[in-house]
Amino acid sequence: VGALLSRSGTFLGGEAPDVADAFLVGPLVVCLNLLESGIATLRGSPRRLADLCPRAASYLESWAARPSYWASFRTTHVHNAALLRPTVERMLEVAPDVCTPDDTRRCLTMLRKVDPSFTGALRALGESCEAQPEAKGEGEQPGESKGKGISMGQISKLKGKSERRKKAKGRT
């Protein structure tokens, strides 16, 4: 990826994305989130995409500033905990030997802490990621915790409030 992105221009297509960029951005966003949450690891490599491949990280930031990124991911941030949830649920279903529910819970809690959309939603509910951690488990890294996370009911409640506010303001 780094070699592809080292070409001149902000995107593979130059200063504007082309079809190749459209196919690359989705998997690259997933890779960033899998890597930086700790769900996926590369032995002997950094956990941050910016350290592993600086050009890939800046490439994603360029994408995140575009209206088409918002239209696709409903956020302008590259850290996206909601994006990984279905992937992680599927991993637990088909590959329970690869990771445990506790591992994925810990990793998703870490990702939620750096996801501005998720932390904003928690603030709107009067909660925070830091308010929910459980006792540290064996082998956890400093700063990691096994948080209980936010329930789907709480997310639905927040979405409902948001929709009612939009309707009240006449912006449906």
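A residue is termed buried when its relative accessible area is under 20%, exposed when it is over 50%, and partly exposed in between (1.4 Å probe, protein chains only). The structure is a predicted model, in which local features need pLDDT of at least 70 and side-chain atom pairs count only at pLDDT 80 or more, while totals for chains, interfaces and linings use all residues. Residues are numbered from 1 along each chain as its sequence is written, and side-chain values use heavy atoms, with hydrogens and water left out.

Helices (H or I, at least four residues) are DSSP runs, numbered from the N terminus. Helix H2 covers residues 19-37. At the N-terminal end, H2 is capped by Asp18, a side-chain oxygen of which lies 3.0 Å from the backbone nitrogen of Ala20. A bend of about 25 degrees occurs in H2 at Val25, with Pro27 following within four residues; the bend is the angle between axes fitted to the seven residues ending at a residue and the seven starting there. The buried residues of H2 include Asp21, Leu24, Val25, Leu28 and Val29, and also Leu32, Asn33, Leu34, Leu35, Glu36 and Ser37. Just after H2, Gly38 adopts a positive phi of about 95 degrees.

Side chains of opposite charge can pair when their charged atoms come close. Five salt bridges are present in the structure, a salt bridge being a side-chain nitrogen of Lys or Arg within 4 Å of a carboxyl oxygen of Asp or Glu. One of them joins Arg85 to Glu89, with the closest N and O atoms 3.0 Å apart. Arg85 and Glu89 are four residues apart in helix H6 (residues 81-94), a separation of about one helical turn. Arg85 is partly exposed at 29% relative accessibility, as is Glu89 at 42%.

Helix H6 also holds Arg90 and Glu93, three residues apart, or about one turn of the helix. The side chains of Arg90 and Glu93 form a salt bridge with an N to O distance of 2.7 Å. Arg90 is partly exposed, with a relative accessible area of 47%, whereas Glu93 is exposed at 60%.

In helix H7 (residues 101-114), Asp102 and Arg105 are three residues apart, about one helical turn. Asp102 and Arg105 form a salt bridge whose closest N and O atoms are 2.6 Å apart. Asp102 is partly exposed at 34% relative accessibility, and Arg105 is partly exposed at 31%.

Notes:
Helices (H or I, at least four residues) and strands (E, at least two) are DSSP runs, numbered from the N terminus. The expected span of a helix is 1.5 Å times one less than its number of residues. A polar contact is a pair of N or O atoms within 3.5 Å; within protein, one must be able to donate a hydrogen and the other to accept it, and residues adjacent in sequence count only if both atoms are side-chain atoms.
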